[in-house]
Amino acid sequence: MPKLTIDNLEVTVPEGINVLEAARELDIIIPHFCYHEALGSVGSCRLCAMMFVDGPVKGLQMACMIQAQDGMVVSSTDPDAIELREHVIEWAMTNHPHDCPVCDEGGECQLQEMTVAGGHGVRRYSGKKCTFTNQNLGPFVQQEMNRCITCYRCVRTYRDYCGGTDYGVFGSRNRIQYARFREGALESPFSGNIIDACPTGVLTSKPFRFKTRLWDLQEAPSICPHCSLGCATVPGGRYREVQRVKAGINRETNGFFICDRGRFGYDHVNHPERPRQGRLDGQPVTVNAALLAAREQVTAIASKHGPDSVAFLGSSRSSFEASVLLHDWAKATGSQQLVFEAHQGRDRAARTLTAQLGKHVRSQEELRQSDLVILFGADPLAEGPMLALAIRQAVRNGGKVVVIDPRPVELPCAASYLPLSPEKLPEVLVALGKKDFNAFEADERVLLESLVEQLKSAQRPVLIGGADLLGGKGVQALCAAAEKFTSDERSVGVITLLAGPNSYGGALLAGDGPDFDSILDAVQEGTVRALVCLESDPFREARDPARAHAALGHLELLVSFDSTPNLAAQRADIFLPTRANAEMAGSYVNNEGRLQAFMPVIDPGVPIRETGAGNHPPREFFQITPGSSPEADWLLLAGLLERELDLVGLRESIEKDHPPFAGLSSIAAETTGVRLTAQGTLPPAEEQELPHAADSEALTLMAITGQIGSCWLAHLSSPLAATEPQPYVILHPELAAELNLAADERARLTTHFGHCHIVIRTDEKMLKSLILVPQLWDTALEGMVPGGMLDCRLEKEAQR
């Protein structure tokens with residue numbers, strides 16, 4: 001490790017670090033614009049000049065471009081370095097407007113900070129400034145091009161790091177402009193990262209525009225609730241509402257960036273229809289009254305009909321602490337009817353993963369260093385967008401990507417594709433282990449045989465699977481394939497995309513208990529009389545929603561703890577309002593078993609913009625904050641079970657009662673988290689489904705998760721809801737031609753659910769014999785639960 005001297009202070013730094021970062025280790029901040037740890041060094045802004053007095057490099061150099069070496073003596077206060085920095089910042093400010101009082105970047109503007117640090121305080125230029133016309137870049141990003149200092153960070157983030165192709169740099173000299181070729185919405189699902197990357201007010205958040213000055217914003221470190229990856233975020237709130245989210249930093253998970261779903265999907269916290277009042281038999285009551293009624297009625301039913309007459313349904317959305325307490329409530333009741341995912345396939349996939357992942361576990365950071373990535377039934381942009389960004393970094397580092405999937409999986413990088421039917425995915429994994437591909441077509445055999453050789457020669461291979469398509473059997477085959485190709489020299493990694501932020505944590509607690517389909521059987525048979533739902537909506541999340549609707553109508557008691565306006569919350573006999581994750585402290589266990597803490601940003605309450613009817617301040621005043629009844633999910637359950645009501649004490653008691661979760665009491669927000677060593681249990685053997693008598697004239701329809709519109713929390717967020725598409729299906733161009741259909745035409749889709757009108761989309765990368773339909777909330781496609789297969793007819797819409 002090199003040891004160098006900066007401004008008469010010695011520092012030892014890791015190999016490969018640049019002098020700019022070495023100075024930061026000593027809390028010496030060197031002015032800079034173009035450098036960003038995730039983007040690397042280019043030396044284009046010329047602002048980080050330092051004098052290298054002695055050592056292997058001498059003279060005036062750009063600190064970001066020089067690697068720290070042993071024996072270096074560097075000065076940031078040398079007169080020549082100071083003078084150059086003063087000139088550079090003055091050049092950068094030549095065309096910059098003095099509009100700081102109305103700029104949304106004010107309060108965290110790097111340009112303000114670096115201008116002062118660079119020694120520029122008096123503007124000498126009095127000539128005309130170069131000005132630009134702003135572009136409309138869509139619903140997420142606001143452009144104010146006149147503020148630009150041409151640091152290139154936005155383009156390097158959007159194009160180089162995130163793989164976007166529709167935004168770039170135009171012009172020359174002092175006419176440089178960053179824009180799209182034509183005005184329009186940015187196409188990348190990571191477009192919001194240019195807001196964080198921009199050091200000035202050129203690119204800001206359009207939904208957040210003019211809402212709050214940044215120094216008035218309440219912020220806290222949190223974890224994104226939209227998928228299973230556990231990305232670090234920093235929500236900001238004021239006036240009893242979450243107003244924005246920016247990327248947090250966790251080098252093991254998301255690194256420095258997040259996806260647009262995580263950035264703009266915060267508005268579910270502020271949803272006007274969010275239930276904020278306890279309810280008993282349809283009448284509003286206090287939370288304490290609802291909690292007492294829930295305990296008494298559940299106990300009464302268990303006493304009368306036996307412990308197993310009460311079923312408990314957890315969720316991937318609930319905190320890990322609440323999931324443990326739900327487990328403890330079921331245990332105290334004596335019930336074996338405990339499950340943490342209403343969707344059978346997702347439940348089995350998560351439980352199988354916790355049982356068999358072991359040494360094959362990989363983080364996003366390890367994926368970024370992989371030299372071979374193979375995706376089996378995984379669609380990262382739909383099921384965990386930041387995983388797609390990690391895959392792109394692997395490709396930028398020289399890695400290769402292979403996609404085996406019936407869907408036209410989009411990635412922000414080059415990849416090889418092999419379209420296979422869903423039922424063949426586990427077969428492929430088994431065949432890879434046995435190296436026997438006789439059951440496959442000739443062209444498929446060629447690619448699979450090549451894949452075996454690549455797996456043998458790769459040093460850091462990673463296999464990625466998706467819970468929706470693989471299910472329990474597929475995940476078991478995925479882990480078995482990784483074990484087959486693991487040698488003494490290197491291990492094959494496994495990453496599986498699960499349903500939600502705490503899917504892994506729930507699966508650890510589920511053990512070998514029943515799946516939700518078995519509970520529905522028991523409800524229909526009358527042996528289960530009561531159902532407790534924790535942040536779950538079985539009416540919509542079950543693999544077969546129609547069956548769930550029919551079965552759950554037989555319940556004597558439905559208890560729901562939730563923070564969203566879902567069907568379970570609306571139909572519950574007893575309802576208890578919970579806090580959203582931005583309103584409470586807690587933890588999640590992500591898809592690699594990493595336990596991470598999050599902190600509250602705001603307290604719950606109806607946003608002032610609603611209580612004040614658009615005016616501020618509101619003209620009415622209350623002793624109790626409107627809508628402040630919701631409590632943390634773990635706090636409600638702790639009160640019901642008469643457990644510790646403070647989080648620190650609760651975590652300590654959980655560690656004592658559940659030794660495999662050691663480390664829970666020591667986790668802290670804004671850290672990389674703790675990877676749990678606890679191992680789960682395989683679910684019971686899956687029952688064989690009855691053979692399906694297919695209609696000879698019917699087509700096969702597969703429900704999938706769409707990139708937009710399929711995530712419940714994101715759907716409840718107004719910035720993202722505005723971008724949701726009209727109902728559509730995707731099919732291969734050849735199948736479309738056989739059906740006399742063309743892209744962008746309207747057609748009529750018929751299934752056992754009924755008829756609906758959809759738009760045709762085509763993609764040649766997908767399986768030719770399949771039609772894909774996304775689940776889209778609050779549309780005719782809402783019941784298309786991902787992973788389901790059904791017969792359908794697709795006809796051109798009759799002309800009116």
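This note walks through a few helices, loops and single residues of the model.

1. Before we start, a word on the ground rules. This is a predicted model, in which local features need pLDDT of at least 70 and side-chain atom pairs count only at pLDDT 80 or more, while totals for chains, interfaces and linings use all residues. Residues are numbered from 1 along each chain as its sequence is written, and side-chain values use heavy atoms, with hydrogens and water left out.

2. The expected span of a helix is 1.5 Å times one less than its number of residues. For the 13 residues of α9 that gives 18 Å, and the end C-alpha atoms are 18 Å apart, so the two agree.

3. How many of the residues of α9 are buried? The count is 12 of 13, where buried means under 20% relative accessible area, exposed means over 50%, and partly exposed lies in between (1.4 Å probe, protein chains only). Among the buried ones are Q344, R346, D347 and L353. Their cover includes β17 (338-339), α15 (467-485), β22 (493-497), α16 (503-510) and α17 (516-525). Just after α9 comes G358, with a positive phi of about 50 degrees.

4. Helix α22 (residues 633-640) is also worth a look: 6 of its 8 residues are buried, so the rest of the structure largely encloses this helix. The buried residues are D633, W634, L636, L637, A638 and L640. Among the elements that cover them are α7 (287-305), α8 (320-333) and α23 (647-657). After α22 comes E642, whose phi is positive, near 55 degrees.

5. Now find helices α13 (residues 424-434) and α14 (residues 442-457). They pack at an angle of about 50 degrees, with their axes 11 Å apart; axes are lines fitted to C-alpha atoms, for helices over the stretch in contact, and angles run from 0 to 180 degrees between N-to-C directions. That makes α13 oblique to α14, because angles under 35 degrees count as roughly parallel, over 145 as roughly antiparallel, 65 to 115 as roughly perpendicular and the rest as oblique.

6. Which residues meet where α13 and α14 touch? K424, V428 and L432 in α13 meet E444, L448, L451 and V452 in α14, with contact meaning heavy atoms within 4.5 Å.

7. D27 has a value of about 60 degrees and sits in the loop between α1 (19-25) and β3 (49-54). Is D27 buried or exposed? D27 is exposed, at 69% relative accessible area. T150 has a positive phi of about 50 degrees, lies in the loop between β6 (141-143) and α4 (153-161), and is partly exposed at 33%.

8. S222 belongs to strand β11 (residues 222-223) and is buried, with a relative accessible area of 3%. Leaving out residues up to four places away in sequence, S222 touches C231, A232, T233, P235, N581 and F598.

9. Finally, look at A698 in the loop between β28 (674-675) and β29 (699-704). Apart from neighbours within four places in sequence, A698 is in contact with D791 and C792. The C-alpha atoms of A698 and R643 are 56 Å apart, and these residues are 55 places apart along the chain.

Terms used
Helices (H or I, at least four residues) and strands (E, at least two) are DSSP runs, numbered from the N terminus.
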